Amino acid sequence: ALVQALVLGITGAVPEATRQTLRDSGTAHLLAISGLHVTLLAGWGLWGGRTLARAFGAESGRAAAIGLVTGALLAAAYALLAGFGLPTRRALAMLLVALAAAYRLRALTPGTALAAALLAVLAVDPLAPLAVGFWLSFGTVAALLWLHAGRIRDERAGRAGRLAALLRTHCLLG
């Protein structure tokens, strides 16, 4: 029941004692489908679609496009499987904006990307700003963009440098 709740957000069969343990530990939010779930599936789809396309001889540009479309389809299928709730629709709308920009080879500034995602979310659900989750989602993304403003990832940093950047982000958000 716990695996089903973690993967699909179906929490009906999770025992009350387990729910209480999750609440007490501050991890109850893991039972809700989030943007992390949707984008993780999109990432797998992007990687898998691109890899398969290259294996079948597609050139780099076409393989990338196939990966983007595969990622979008896999994310949408997962969102449907998870019940297509409001947070899932919101995450999918934001993800599709990013994938469309990548497909069109457009480098969006962080502010433009956030504004485009806002418009997409409002198109899906005009009453979204009435939900606390809307403000948490956009607030967190805005905070991440602000924390990383002007920072370009140094490919030479290696594993230790990337780990330090991750820890820095977590500490600043905490």
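Mentor: Start with Glu-59, which is partly exposed, its relative accessible area being 49%. This is a predicted model, so take everything here as computed. Glu-59 pairs with Arg-62 in a salt bridge, and their closest N and O atoms are 3.9 Å apart. The cut-off for a salt bridge is 4 Å, and this pair comes in at 3.9 Å. Arg-62 has a relative accessibility of 52%, so this residue counts as exposed, whereas Glu-59 at 49% is partly exposed; the line between those two classes is drawn at 50%.

Searching the whole structure turns up 2 salt bridges. Besides the Glu-59 pair with Arg-62, there's one that joins the side chains of Glu-16 and Arg-23, at 2.5 Å from N to O. Arg-23 is partly exposed, with 42% relative accessible area.

Now for the helix packing. Helix α4 covers residues 60-81 and packs with helix α5, residues 86-103, at an angle of about 175°, with 10 Å between their axes. Angles over 145 degrees count as roughly antiparallel, and α4 and α5 are therefore roughly antiparallel to each other. On the α4 side, the contact is made by Ala-65, Leu-68, Gly-71, Ala-72, Ala-75, Ala-76 and Ala-79. Facing them from α5 are Thr-88, Leu-92, Leu-95, Leu-96, Leu-99, Ala-102 and Tyr-103. Sort the residues of this contact by type and you get 12 nonpolar, 2 polar and no charged.

Note on methods: Residues are numbered from 1 along each chain as its sequence is written. This is a predicted model: local features need pLDDT of at least 70, side-chain atom pairs count only at pLDDT 80 or more; totals for chains, interfaces and linings use all residues. Side-chain values use heavy atoms; hydrogens and water are left out. Axes are lines fitted to C-alpha atoms, for helices over the stretch in contact, and angles run from 0 to 180 degrees between N-to-C directions. Helices (H or I, at least four residues) and strands (E, at least two) are DSSP runs, numbered from the N terminus. Angles under 35 degrees count as roughly parallel, over 145 as roughly antiparallel, 65 to 115 as roughly perpendicular and the rest as oblique. Contact means heavy atoms within 4.5 Å. Ala, Val, Leu, Ile, Met, Phe, Trp, Tyr, Cys and Pro count as nonpolar, Asp, Glu, Lys and Arg as charged, and the others, Gly among them, as polar. Buried means under 20% relative accessible area, exposed over 50%, partly exposed in between (1.4 Å probe, protein chains only).
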